[in-house]
Amino acid sequence: MTVLGTRALNRATLARQYLLDRADTSVCDAVAHLCGMQAQEPQEPFVGLWSRLRAFEPAELDEALTCADVVRTHLMRRTVHLVTAEDALAWRARHEPMLRQRVLATYRHELAGIDLDEVAAAGRAVMADERPRTMAQLVEALHDRWPAPPRRALGELLVAALIPMAQLPPRGLWQTTAGVRNLPLAAWLGRDVDPLPSDENDPVGQQLVRRYLAAYGPAASADLRAWCGLAGLPAAVRAVREELVTFRDERGRELLDLPDAPRPHQDTPAPVRFLPAFDNAILGYRDRSRIIDDAHLGLSVAGHRVVLVDGRVRATWTVRDEHLHITPLRPLAAPEGEAVRAEAHALTAFLDEDISSVCVVDVDE
């Protein structure tokens, strides 16, 4: 079986993630191809799309959100994602048991003894008037019936697990600060979520496998599980296995992939790219060694924005006091520094936040 080294896997990931070459495609098609974009920090997907699409304009994502072509909703790993309306409707039922389990695991004691179906029915009854509500407003409407659980716990149970919800604009619009107002997906999209097929081969899971590999492969089953948070995908993997090709990584893990998906040569040049916080190009794997060193794994879960140099995380970046600050994780060679500064100046023009300069911190050898 062919062994793919770390650098080969890196180039495959960059190609699938539109980070090797920016793509000429629409916002909706990009979000669909990427299987959604992690978006608990509302402004971060704009940088993620800017780094992936040619001539990206923030108004395109704003329009997709306001027209409900793209929605903000809890999905993979119980994290807020931007996903297309079609994917939200198709995937939500498959994720629901995981969403419930993760909320209950977080608030095991606070929600002990709660009848989930009863709470869900009561919450849907409140939201039946199709008025957007904050989590606090929804919990307040149910407080007389369930006064004991902490409001945060009951609220997260309702909006992140029991009722498929969309977070409505202006939340998530460009350079806009707005709180979360929730509305059931069925009301916002004009169609209820797709029922889960009673097929032991898990057709929705099969779609997730194919879509994940198109955007993240080659990858191990453990990577797929880490991305979506779903444990019960072995039947789906078995059902599609004959469609797939297999490799090994340098650690001996079996990697699955689509036969015709891009796997560029490991020496393909990789441009500098600025990634937002919580970008799935990093978080979409259990084994993230293809893109980030083990010593820096904490950056990816702590919300640091990062810079890819030669395809790997080599710096962090932030905007502070009208400066774009770049902190390398190791000294940059002169050509690397020049490329980082050039891309940084392009980013400042995109951000349009009166950024006056780019500052690269000196790092000792």
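Colleague: Where is the place of Glu 130?

Modeller: This is a predicted model, so keep that in mind throughout. Glu 130 sits in the loop between α6 and α7 (135-142). Its phi is near 60°, a positive value in a residue other than glycine.

Colleague: Is Glu 130 buried or exposed?

Modeller: The cut-off for exposed is over 50% relative accessible area. Glu 130 has 52%, so it counts as exposed.

Colleague: Which loop holds Phe 278?

Modeller: Phe 278 lies in the loop between β9 and α13. Phe 278 also has a positive phi, about 60°, although it is not a glycine. Buried means under 20%. At 15% relative accessibility, Phe 278 therefore counts as buried.

Colleague: Now helix packing. How do I describe two helices against each other?

Modeller: Two packed helices are described by the angle between their axes and the distance between the axes. Take α6 (residues 116-127) and α8 (residues 151-162): their axes come within 11 Å and cross at roughly 80°. Angles of 65 to 115 degrees count as roughly perpendicular. So α6 and α8 are roughly perpendicular to each other.

Colleague: Which residues of α6 and α8 make the contact?

Modeller: From α6, they are Leu 116, Val 119, Ala 120, Gly 123 and Arg 124. From α8, they are Leu 154, Leu 157, Leu 158 and Leu 162. By class, that contact has seven nonpolar, one polar and one charged residues. As background, an α-helix has 3.6 residues a turn, so residues three or four places apart point the same way.

Colleague: Which residues of helix α11 are buried?

Modeller: In α11 (residues 221-228), they are Ala 222, Asp 223, Leu 224, Trp 227 and Cys 228. Their cover includes α5 (85-106), α10 (203-216), α12 (234-240) and α13 (280-283). Just after α11, Gly 229 takes a positive phi of about 85°. In the loop between α10 and α11 you find Pro 218. The peptide bond from Gly 217 to Pro 218 is cis, with omega near -10°.

Colleague: Where does Pro 170 lie?

Modeller: Pro 170 is in the loop between β5 (165-167) and β6 (182-184). The bond from Pro 169 to Pro 170 is cis, with omega near 15°.

Colleague: On to sheets. In what order do the five strands of the open sheet run?

Modeller: The order is β9-β10-β11-β12-β13, with mixed pairing. At the edges are β9 (273-275) and β13 (357-360), each pairing on one side only. The twist averages 25° from one strand to the next. Inside this sheet, β10 (residues 305-309) and β11 (residues 312-320) run antiparallel, joined by five bridges. Leu 308 stands opposite Val 313 in β11.

Colleague: How many bridges pair β1 with β7?

Modeller: Two, in the parallel sense, between β1 (residues 3-4) and β7 (residues 245-249). Leu 4 stands opposite Asp 249 in β7. β7 also pairs with β8 (residues 254-257), in the antiparallel sense over four bridges. The bridge partner of Val 245 in β8 is Asp 257. The hairpin of β7 and β8 has four residues between the strands, and Gly 252 there takes a positive phi near 90°.

Technical notes: Residues are numbered from 1 along each chain as its sequence is written. This is a predicted model: local features need pLDDT of at least 70, side-chain atom pairs count only at pLDDT 80 or more; totals for chains, interfaces and linings use all residues. Side-chain values use heavy atoms; hydrogens and water are left out. Axes are lines fitted to C-alpha atoms, for helices over the stretch in contact, and angles run from 0 to 180 degrees between N-to-C directions. Angles under 35 degrees count as roughly parallel, over 145 as roughly antiparallel, 65 to 115 as roughly perpendicular and the rest as oblique. Contact means heavy atoms within 4.5 Å. Ala, Val, Leu, Ile, Met, Phe, Trp, Tyr, Cys and Pro count as nonpolar, Asp, Glu, Lys and Arg as charged, and the others, Gly among them, as polar. Two strands pair if DSSP finds at least two bridges between them. Buried means under 20% relative accessible area, exposed over 50%, partly exposed in between (1.4 Å probe, protein chains only).
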